[in-house]
Each structure stands twice: as structure tokens, then as C-alpha cells.
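Student: Could we go through this structure together, one question at a time? I would like to see how each answer is reached.

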Amino acid sequence: MICNLNCAGCPLAYLCIPLAIGAFIALKRYRGGLQKKRLASQLSFLLISNAAFVFGATGLIYTYFYCWESPYALMACPIGVLEHAFADRSWYLLVYLAGLIGFACIIFGRAACGWACPIGFLQDLAKGRRTKSKLDSKMRLLKYAILLAIPPVCYLTEKLAYTDICPIGGLTATLPYLAMDPNGYTFTVFFIPKMINVAGFFILIFLMTRGWCRHLCPVGAMMAQFNKISLLQLKYYEKKCIKCFKCAGVCPMQINMPYDNRSGECIRCGKCIDICPTNALAFEFRW
Amino acid sequence: MMKKAIYLVAALIIFAAGANIAYDSVKSLNIARCLGCIAMEPKAVKFEEFWVEYPDHYNNKGIPPHPDWVVNASKQKVVMLFFWGPSCEPCERQWEAMKKAGLVKGSEENGSITANFSYIQLFSINAPYDDEKGEAIRIYTPKGDTGTPTTVILFEKNGTIYWYAFSGEANGEGGRPDINELINILEKAKEEKYDLQS
């Protein structure tokens, strides 16, 4: 039996307690047919992401952001693999990463951000405020800048430069290790910067809806451009549209809906589809 | 349609080609728990004496299943196993500190012991990538994990293997020895081995 109902000292407590709390909050917040399915998908992927306690660690790579130093990480972090490719000069890792991300994104676009990513799930639960500053469009470019900076910095320093300060690593690896064994570890020099970034991450996701995805996520930046060519498309039927702009009001990425339905920022969450009173928006698989 | 099909097939070919050569490497990197990367280092038990069986802070009990290559080497010399990982900063810092102290020379990958410490047989092991020796790290980490760096000192006397190990950088923190203490432990191992042989 996996659970003995004694969370103190249980290595899986760090996973199942947030899972239970998350599911409880989410059931009240996820309204609409697609959203219930999305919740089921996000919970499933949260479990799959940590399934190494059943299957052992694999050589696959997540197509979303999750830390492979997490105690029971099943797959590898795409940014970690990118860093290793440049820091260790292991170029063959790039081929694998590009093929895997390319294959998944040509089919689904950036849907993994909306349907699979545990960090996206956390942001959906946080339900950040809908604020749109004048700087928003420029701030969205930050994630591309981070993605473009990682290869040269890792190549020149021969270090996993982003890992050292990664807030997702801090949240999904450092804190679980600390929770599992509070007295078993000492802290390195990167502990404080990492925790500052974790705090910053939480401030960001409470201040802005999907603030991490919109502005800082390098994996999102990696996948964004596939939205225009992916098989899964968010179709907009203009003739059906009554221009109520309810879709724009619910979009967590605050895209200019319904006109920017092919935007690289779209995470295919389907909230716009659920709220549209005339079915002017729909997911379609198109060759 | 044709364009998307070409994209998809191209991505599939790249993925398949990449997986063919990279899957095992990524798996090894995924298995390796670089605790330095997450800004944490395991605490160690300060050296007091060499162990024969697993000490209390290990999950395992009894005599460790030392690999044959360790057993064979420990019959000849004091053995030092240095398990490191690529891009592991604490590993690199420890290597550089050992180099500065005159214990080792060269790089982690092609390093060797210096003439002053010729009584030591060094195995510098790239834990995630070394298929032959890398897995041995699990024997010597308290929780049977693959956290790097892990340093192990062993010697054999009268058929018994005596050992001491710690995970994390040898920097004097968290109960771990610093480089000078590490050298003292190696010297102690040498003395005990010679005492028994003389």
C-alpha cells in the first residue's frame, strides 16, 4: 500500500498534499466542459511528471517546464538538456531535444502549457489578477531573451547557469528535498538567490494571470512559434461571432481574442471556447 | 497539408535519430541527482574512524557490496573514489581544491594522483556517463542515490575492507571534511594499512 495516512516523513507527501489541495480548489474554479477535461489532464500530468517512484527515471524529456532534480522526476527538463548540450558540448542532445519538442508541438502547438504543465496548473490555481500594462507586449519578449541567452552563457561558462537560479527548480526540487529531510542538507551559495526567485515567481503569478508563462518561461518561448503551424488549431468562425469579446475577457494569456487566435501566446486552454455563446471558436485538427 | 506532413515527418526523424543516440545519456543525467544544482548539499558524518559495515545514517545495513574492481584495487593501495557529474559545480570546486592541495593533477575526466600521494589509487568517475563504474555510487551514498560529488576512501587489511564516504563538496561544511582533513583521512588510511602489513 503506497499511503499509510502518515504524511510525516513520507517521501510522497510533498506531492499528494498539494495534489489534493489543488484538486479541491480547482474543482470550484474549472467551469465548462473543456475545463473539467483540462483539470483531469493537468492532474494526470502532475502525477506522470512525478512517476519515477513507480517507473524509475527515464530518458524522455518533458514538453513543459518541470525540474528533473525533483525527487521523483520521470523525465528530463528541456532547459536542463539545452544547458547540458551547450555546457558539456554534447550537441547530440540538441538533436533529441529539437526532435521531441518539434514533434509534440507540430501536433499540439503550445497546448502542453495549458493541458499538461504542472507550473501552468499552479498558475491556474493561483488565478492571478487580470492586469495589462502598456509594457505587456515588451515584457512578453523577456522569455525569448532568456531562451536565447541560455546557450551562449552555458557555452562560455561551461556551467548550468540557468539551473543555479531557476525558480521552478527551487519550487519543485529544492523545497521538496528540504521538506523531506529538513536536517539532512546544508545550503549552497545558490540557495538564497533561488528562494528569492521562488518568492518572485509567486508574486508574479498572483499579480498577473499566467504571469510566468507570459513573461518568463523559456520553455513556452521554445514552443510558441509552433502555434502557427501546428495541426491543432484554435479556429475562429467570423460569421458566427457576435463580437461580445467574452473570449478576450477570460483568456489567461490576455491575447487579443478572437482575432489573434493563432498567436504564439495561445496555450490552447479552451476557456474562450467554453465561454463563447455562438460557438465561433473551436479546436480543430487540420492538416 | 503537404507542408505540415513534411514538418511532422522531419521532426519525427530528428526525434528518432536523436533518441537513438541521446536517450541513454538523458536517462543517466536524469538519474543523477545533482544536489548542488538545486542549491542543497547532503550533510555528512564527521570522520572518526573507518567503517566496515554501513553506519547508522545509511539506509542499508551490513557490509557494503564493494565491486570487484574496488576490492582488487584496495588490496594494492589505499583507494579513493571520486564520483562527479558533468557541469556539477561542487564537483569541479572539489577537484580544483584537491589539485591546489597537490593531491591530484589533470582534469576530472583524465585526472590522476600526484607523485606525493602514490600510495593512493584514484578512480575519478563520471557517475552519470560511466556505464562500468558509475552505478557504484549508489553503494556509497547514504540513501542509495546518485548525488554528486561523492568521495569514498577505502583500504583492505586481512581480507576486510575499511571505508569512509561522504556526499557533497569537501569544503568543511555540513560535517564534511575540508581538503586538508580529506588528506589527513587518506594519510590515516595509509598508516592503518601499513601498520597491519608490517
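Predicted model: local features only at pLDDT ≥ 70, side-chain atom pairs only at ≥ 80, totals over all residues.

Student: What is the angle between helix 4 and helix 5 of chain A?
Tutor: Helix 4 covers residues 78-87 of chain A and helix 5 covers residues 92-108. Their axes are 9 Å apart. The two helices pack at an angle of about 150°.

Student: Is the crossing of these two helices of chain A left-handed or right-handed?
Tutor: Here we follow how helix 4 of chain A passes helix 5 of chain A. That crossing is left-handed.

Student: Which residues of helix 5 of chain A meet helix 4, and how many nonpolar residues does the contact have?
Tutor: From helix 4 of chain A come P78(A), V81(A), L82(A), H84(A) and A85(A). Facing them in helix 5 of chain A are L93(A), L94(A), L97(A) and I101(A). By class, the contact has one polar residue and no charged ones, and the nonpolar count is eight.

Student: Now the two chains. Which element of chain B gives the most to the side that touches chain A?
Tutor: In total, 37 residues of chain B are in contact with 43 residues of chain A. Helix 1 (2-31) and strand 1 (40-42) of chain B each supply at least two residues of that side of chain B. With 21 residues, the element that gives the most is helix 1 of chain B.

Student: How many charged residues are on that side of chain B?
Tutor: Sorting the side of chain B that touches chain A by class gives 23 nonpolar and six polar residues. The charged residues there number eight.

Student: Which residue is the bridge partner of T186(A)?
Tutor: Strand 1 of chain A, residues 185-187, runs antiparallel to strand 1 of chain B, and three bridges join them. In general, strands of a sheet pair through backbone hydrogen bonds. Within strand 1 of chain B, the partner of T186(A) is E41(B).

Student: How far apart are the C-alpha centres of the two domains of chain B?
Tutor: Chain B is divided into domain 1 (1-31) and domain 2 (68-197). The C-alpha atoms of chain B fill a box of roughly 80 × 35 × 30 Å along the principal axes. Between the C-alpha centres of domain 1 and domain 2 of chain B, the separation is 38 Å.

Student: Which are the edge strands of the four-stranded open sheet in chain B?
Tutor: Chain B has five helices and seven strands. The open sheet has the order 5-2-6-7, with mixed pairing. Each edge strand pairs on one side only, and these are strand 5 (120-126) and strand 7 (160-167) of chain B.

Student: What is the bridge partner of F83(B)?
Tutor: Strand 2 (residues 78-84) and strand 6 (residues 150-157) of chain B pair in the antiparallel sense over five bridges. The partner of F83(B) in strand 6 of chain B is T150(B).

Student: At what angle does helix 2 of chain B run to strand 6?
Tutor: Helix 2, residues 68-76 of chain B, lies across strand 2, strand 5, strand 6 and strand 7 of chain B. To strand 6 of chain B, helix 2 runs at about 60°.

Student: Is the peptide bond from T148(B) to P149(B) cis or trans?
Tutor: P149(B) sits in the loop between helix 4 (137-140) and strand 6 of chain B. Omega for the bond from T148(B) to P149(B) is near 0°, and the bond is cis.

Note on methods:
Residues numbered from 1 in each chain as written. Chains lettered and ligands numbered in written order. Contact = placed C-beta atoms within 7 Å. Nonpolar A, V, L, I, M, F, W, Y, C, P; charged D, E, K, R; others polar. Pairing = 2+ DSSP bridges. Axes fitted to C-alpha atoms, helices over the stretch in contact; angles between N-to-C directions. Left-handed = near helix turned anticlockwise from the far one by under 90°. Domains from an automatic or database assignment.
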